[in-house]
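Look first at how the side chains of this protein are linked to one another. The paragraphs below go through the salt bridges and then the disulfide.

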Amino acid sequence: MSTFGSIASLLLAAASSDALDLAPGQWEMHPEERGSKSNFSCNQEPLTITIDRTAMRYTSTRDDYTVVGDILAAEDQFFIIRYDGEERLDDNGEPLVWIWLSIDKDTFVWARLDQWMAGNRGTTAPRLRCRPNTPPGV
């Protein structure tokens with residue numbers, strides 16, 4: 001393959017990636033936000049996210065808790081999901097839909113899609129990617 005062909009292949013591969021490529025892995029809450037019922041860290045029950053592109057399904061697990069949902073859309077810096085069995089309702093009485101927002105390759109937040117589209121930019125606390133060999137208690 002020519003140098004041009006190699007560069008073109010790399011550019012096409014980069015252009016075809018989206019937020020679904022960023023999500024898989026283990027995650028923790030930002031250290032300043034820990035202490036709530038949704039507390040998780042890299043060394044104590046990290047959140048593990050997997051993406052099934054074939055079925056367009058999102059799965060997150062933490063200890064013995066698992067949440068799955070349909071991926072409704074995906075772009076470069078976000079994807080939208082509806083959790084299976086979502087009981088929380090928006091102002092129109094519909095199950096909540098969530099948007100996963102990439103801050104960078106190692107940080108994301110969640111927001112309610114209905115509120116985000118209405119201009120409310122409130123989000124969850126940041127989630128940070130776990131690094132291999134993270135020291136205990138970090």
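At 34% relative accessibility, Asp 70 is partly exposed, where buried stands for under 20% relative accessible area, exposed for over 50% and partly exposed for what lies in between (1.4 Å probe, protein chains only). The model is predicted: local features need pLDDT of at least 70 and side-chain atom pairs count only at pLDDT 80 or more, while totals for chains, interfaces and linings use all residues. Residues are numbered from 1 along each chain as its sequence is written, and side-chain values use heavy atoms, with hydrogens and water left out.

The side chain of Asp 70 forms a salt bridge with that of Arg 57, at 2.8 Å from N to O. Asp 70 belongs to strand 4 (residues 65–74) and Arg 57 to strand 3 (residues 57–62), so the pair ties together parts that are 13 residues apart in sequence. Strands here are DSSP runs of E with at least two residues, numbered from the N terminus. Arg 57 is also partly exposed, at 22% relative accessibility.

A salt bridge is counted when a side-chain nitrogen of Lys or Arg lies within 4 Å of a carboxyl oxygen of Asp or Glu. Side chains of opposite charge can pair when their charged atoms come close. How many salt bridges does the structure hold? There are 10.

Another of them joins the side chains of Lys 105 and Asp 106, with 3.2 Å from N to O. Lys 105 is exposed, with a relative accessible area of 53%, whereas Asp 106 is buried at 15%. Both residues belong to a network of salt bridges that also includes Arg 129 and Arg 131.

Arg 112 and Asp 114 provide a further salt bridge through their side chains, at 2.7 Å from N to O. Here Arg 112 is buried, with a relative accessible area of 18%, and Asp 114 is partly exposed, with 27%.

The covalent link comes next. A disulfide is a covalent bond between the sulfur atoms of two cysteines; the cut-off for the pair of sulfur atoms is within 2.5 Å. The structure holds one disulfide, which joins Cys 42 to Cys 130 with an S to S distance of 2.1 Å. Cys 42 sits in the loop between strand 1 (25–29) and strand 2 (47–52), and Cys 130 in the segment after strand 8 (127–129), so that distant parts of the chain, 88 residues apart, are linked. The link of Cys 42 and Cys 130 is left-handed, with -100 degrees about the S-S bond. Are these cysteines buried or exposed? Both Cys 42 and Cys 130 are buried.

Definitions and conventions. Helices (H or I, at least four residues) and strands (E, at least two) are DSSP runs, numbered from the N terminus.
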